[in-house]
Amino acid sequence: MNTAIKVERPRAPANQDPTLGSEYVQSLHMIERLHHLLLDVIKDEFDRTGSSDLNAVQALLLYNMGDNELTAGELKSRGYYLGSNVSYNLKKLVEMGYVDYERSETDKRSVRVSLSAKGRQAAAVVNRLYQRQLGSVETVAQVSGEELKGLNKALGRLERFWIDQIRFRL
């Protein structure tokens with residue numbers, strides 16, 4: 001028995017640009033693929049440096065933490081990670097010595113985390129990767145600063161749109 005599922009693609013209303021729906025869906029697929037590729041690039045960098053005990057999500061978490069002292073909730077509220085992923089990965093990072101933690105004096109349920117020396121070294125690997133890529137993104141990928149500026153502006157508006165979709169249940 002063949003039970004193929006037909007996926008409905010969004011169609012633009014009659015008064016909209018007919019390519020909007022297909023371009024929107026293509027953009028969504030591209031964002032998803034780019035995120036996965038970024039994780040692959042980071043993982044490859046750590047494999048090359050001999051630090052394969054970290055996965056790419058954990059390395060990116062360390063990079064995004066930077067020099068800040070944060071709670072898991074703050075990491076989640078910044079929009080980087082889902083709640084269960086933050087808790088799981090922070091626990092693993094503490095166990096592996098990449099993150100230091102300290103319980104709050106006033107609220108024993110609250111834990112503040114910061115990078116250990118080992119965590120700062122891992123974050124530096126990601127930073128060096130980004131700096132190396134920055135040296136060739138324009139010449140090799142032929143992506144200019146102006147194009148990135150326009151991309152960031154569009155992605156920022158899309159982010160705001162999605163936040164509003166969630167917040168106001170649109």
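Good morning. A strand, in the sense used here, is a DSSP run of E of at least two residues, and strands are numbered from the N terminus. Strand 1 of this predicted model covers residues 99-103, and glutamate 102 has its place there.

I shall begin with that residue. Is glutamate 102 buried or exposed? Its relative accessible area is 54%, and exposed means over 50%, so glutamate 102 is counted as exposed. Setting aside neighbours within four places in sequence, glutamate 102 is in contact with Ser110, Val111 and Arg112. Glutamate 69 lies 33 residues from glutamate 102 in sequence, and their C-alpha atoms are 9.8 Å apart in space.

Let me turn to another glutamate, at position 45. Glutamate 45 belongs to helix 1. With a relative accessible area of 8%, glutamate 45 is buried, because buried means under 20%. When residues up to four places away in sequence are not counted, glutamate 45 touches Val125, Leu129 and Arg132.

Finally, the nonpolar core. Which residues touch the most other members of the largest nonpolar core? Of its 24 residues, they are Ile42, Phe46, Leu54, Leu62, Met65 and Val99. Two or more core residues come from each of these elements: helix 1 (20-49), helix 2 (56-65), helix 4 (83-96), strand 2 (111-115) and helix 5 (117-134). Helix 2 gives the largest share, 6 residues.

Not counting residues up to four places away in sequence, isoleucine 42 touches Ala56, Ala59, Leu60, Val126, Leu129 and Tyr130. Leu129 is also among the residues that glutamate 45 touches. Thank you.

How values were computed. Residues are numbered from 1 along each chain as its sequence is written. This is a predicted model: local features need pLDDT of at least 70, side-chain atom pairs count only at pLDDT 80 or more; totals for chains, interfaces and linings use all residues. Side-chain values use heavy atoms; hydrogens and water are left out. A nonpolar core is a set of buried Ala, Val, Leu, Ile, Met, Phe, Trp, Tyr and Cys residues joined through side-chain atoms within 4.5 Å. Buried means under 20% relative accessible area, exposed over 50%, partly exposed in between (1.4 Å probe, protein chains only). Helices (H or I, at least four residues) and strands (E, at least two) are DSSP runs, numbered from the N terminus. Contact means heavy atoms within 4.5 Å.
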